[in-house]
Amino acid sequence: MPEKKNKKTDQKLSKEESVLVMAALSALKRSYAPYSRFHVAASLLCSSGNIYTGVNIENASFPASLCAERSAAANAVSAGEKAFKAIAIAGEKEGEIASFTPPCGVCRQVLCEFCDPKKMRVILIGPPAKIRVRTLEELLPESFGPDHLGEKRAPAPSAGKKKAPAGKAAKAPERAKKG
Ligand code: ZN
């Protein structure tokens, strides 16, 4: 096969990511899912270091419902964040996390807008003590993103002013403010 096999995604969580998992788990109780009773929470780690949570918000008009991942993304972007690093997702039914809850296709696409899919870590929280980590690119290969429209991905926000760790292969996010 000519296709290059990616090396395995590191399954170990950083300290920040462990906090992210706890944030998702504690947000679960705020899920509004009276119809499916499938409660989902997501917590999003931004390059500023800030964490934003979201829950699924169902609606009597079912198509108007919103996923937890997009709800977290809306919270983050509304607060001025445009660079995501990782997301943790948990889903439970009848008070029990019975399986991993991967993001739906629409949410994968929305997350893709605000991250480098190769680096964006998607942390799935499974039955007690189980974690599965994927990159967004693994979940959404050959994605359509801002670059296809000749746009750069949004730079990291200036608010947090966190320095990118030195010596990383990754280039520091460019400050490409327009105008
Ligand atoms: Zn979704």
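User: What makes β1 and β2 count as a pair, and in which sense do they pair?

Analyst: The two strands are joined by five bridges and pair in the antiparallel sense; two strands pair if DSSP finds at least two bridges between them. The names follow DSSP runs numbered from the N terminus, with helices being H or I over at least four residues and strands being E over at least two. This is a predicted model, in which local features need pLDDT of at least 70 and side-chain atom pairs count only at pLDDT 80 or more, while totals for chains, interfaces and linings use all residues. Residues are numbered from 1 along each chain as its sequence is written.

User: What lies between β1 and β2?

Analyst: The two strands form a hairpin with four residues between them, and Gly49 in the turn has a positive phi of about 100°. Within the paired stretch, Leu44 has Tyr52 of β2 as its bridge partner.

User: How do you know which strands are at the edge of the sheet?

Analyst: The five strands make an open sheet with mixed pairing in the order β2-β1-β3-β4-β5. The edge strands β2 (51-55) and β5 (131-135) each pair on one side only. Neighbouring strands are turned by 20° against each other on average, direction ignored, where axes are lines fitted to C-alpha atoms (for helices over the stretch in contact) and angles run from 0 to 180 degrees between N-to-C directions.

User: How does β3 pair with β1, and how with β4?

Analyst: β3 (residues 84-93) pairs with β1 (residues 38-46) in the antiparallel sense over nine bridges, whereas four bridges join β3 to β4, which run parallel.

User: Why is β1 called largely enclosed?

Analyst: A residue is buried if 20 or more other C-beta atoms, placed from the backbone, lie within 10 Å of its own, exposed if 12 or fewer, and partly exposed in between. Eight of the nine residues of β1 are buried, so this strand is largely enclosed by the rest of the structure.

User: What makes Ala74 count as partly exposed?

Analyst: Ala74, found in helix α2, has 14 C-beta neighbours inside 10 Å and therefore counts as partly exposed. Its C-alpha atom is separated by 9.1 Å from that of Tyr52, which is 22 residues apart from Ala74 along the chain.

User: Why are α2 and α3 called roughly parallel?

Analyst: Helix α2 (residues 68-78) and helix α3 (residues 105-112) pack at an angle of about 25°, with their axes 9 Å apart. Angles under 35 degrees count as roughly parallel, over 145 as roughly antiparallel, 65 to 115 as roughly perpendicular and the rest as oblique, and α2 and α3 are therefore roughly parallel to each other.

User: Which residues meet where α2 packs with α3?

Analyst: Glu69, Arg70 and Ala73 in α2 meet Cys107, Val110 and Leu111 in α3, contact requiring C-beta atoms, placed from the backbone, to lie within 7 Å.

Technical notes. Two residues are in contact if their C-beta atoms, placed from the backbone, lie within 7 Å.
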